[in-house]
Amino acid sequence: MFKKLKLWNTPEKQTTMNERVTRILDHPIPEHVAIIMDGNGRWAKKRALPRVAGHHEGMRTVRKITMLANQLNIKTLTLYAFSTENWKRPKFEVDYLMGLPEEFLGSFLPELIEENVKVTMIGDRSRLPQKTKRAVDDAIRKTEENTGLNLNFALNYGGRAEIIDAIKHLAADIKNDRLTPDEITDSCFSRYLMTQSLSDPDLLIRTSGELRLSNFMLWQIAYTELWFTDVLWPDFSETQLIEAVEAFQQRTRRYGGLNEEESKR
Ligand code: FPP
């Protein structure tokens, strides 16, 4: 049962959206949704604001979408918050982005705890500033027993770096006779990735009209359904998440095989 959401501004809209959510919940929900949150800079530029204003508004979207994902019984929501390439941005912007986890968790951690959300992180922690690590670690510790949505931040994350790191560990295990080359399979390799405890994403959403993957979860998205929207991340609303999940529920996933109907022909 989901709590009726009070997110829409007119009673008519409210009723329609709650009906859509009820319908969604009658069909298979994507267990793991991953989002490339893009378009913060353009959102700010359109309003003649500094780019960081877009990131700040984007943080508010993170809260809204987290709450709805939790209501939809999505198990994991992975958000691409900072890539290994984002260090190339001006220092001021990098510093601002690195401050957002602290600001977000400073304001919303009590709400996340109350809503049974579990916070985790993937990415290379070694280069993160102390304040960022402290805020994330504190949230991870305080929510580790929670059983609702797993809100997984990808911070200083890069798909290629993750794969290289996994190969290094795997090679070391072979060298130390803990593994033989014959034992390397998809599932064996997945255990060397930062997502070892997560299922692969079922649905990947990218906002802002860009049609690329930008080094995000390259191994994990082999069979993920992709959904793109022109909406800029700060404008992304509950309605778009509902649309994306509805679109996912219309897709037939074949994983390279055939579906039941096609197999009979
Ligand atoms: C890409 O938009 C967005 C980012 C690099 C940062 C995303 C971060 C957030 C949405 C906030 C994260 C919040 C928490 C709590 C960690 P862009 O700047 O590349 O936009 P543009 O393509 O329009 O310039």
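Tyrosine 80 and phenylalanine 216 are both buried, a term that denotes under 20% relative accessible area, with exposed meaning over 50% and partly exposed the range in between (1.4 Å probe, protein chains only). This is a predicted model, in which local features need pLDDT of at least 70 and side-chain atom pairs count only at pLDDT 80 or more, while totals for chains, interfaces and linings use all residues. Residues are numbered from 1 along each chain as its sequence is written, and side-chain values use heavy atoms, with hydrogens and water left out.

A pair of aromatic rings is described by the distance of the centres and the angle of the planes. Rings of Phe, Tyr and Trp (its six-membered ring) pair if their centres lie within 6.5 Å; planes under 30 degrees apart count as stacked, over 60 as edge-to-face and the rest as tilted. By this rule there are eight aromatic pairs. The rings of tyrosine 80 and phenylalanine 216 are stacked, because their centres are 4.2 Å apart and their planes lie at 15°. Tyrosine 80 belongs to strand β2 (residues 76–83), whereas phenylalanine 216 is in the loop between β5 (203–206) and β6 (225–228), 136 residues apart. Here helices (H or I, at least four residues) and strands (E, at least two) are DSSP runs, numbered from the N terminus. Ring pairs also join Tyr80, Tyr157 and Phe216 into a cluster.

What is the arrangement of the rings of phenylalanine 104 and phenylalanine 153? With centres 5.9 Å apart and planes at 80°, the pair is edge-to-face. Phenylalanine 104 lies in helix α4 (residues 91–114) and phenylalanine 153 in strand β4, so the pair ties together parts that are 49 residues apart in sequence.

Leaving aside residues up to four places away in sequence, asparagine 156 touches several residues, including Phe82, Trp87 and Arg127; contact means heavy atoms within 4.5 Å. The side chains of asparagine 156 and tryptophan 87 make a polar contact (2.8 Å). Such a contact is a pair of N or O atoms within 3.5 Å; within protein, one must be able to donate a hydrogen and the other to accept it, and residues adjacent in sequence count only if both atoms are side-chain atoms.

In helix α1, Gln14, Met17, Asn18, Arg20, Val21 and Ile24 are buried. The buried residues of α1 pack against α8 (238–250), while Pro11 and Glu12, on the other side of α1, are exposed.
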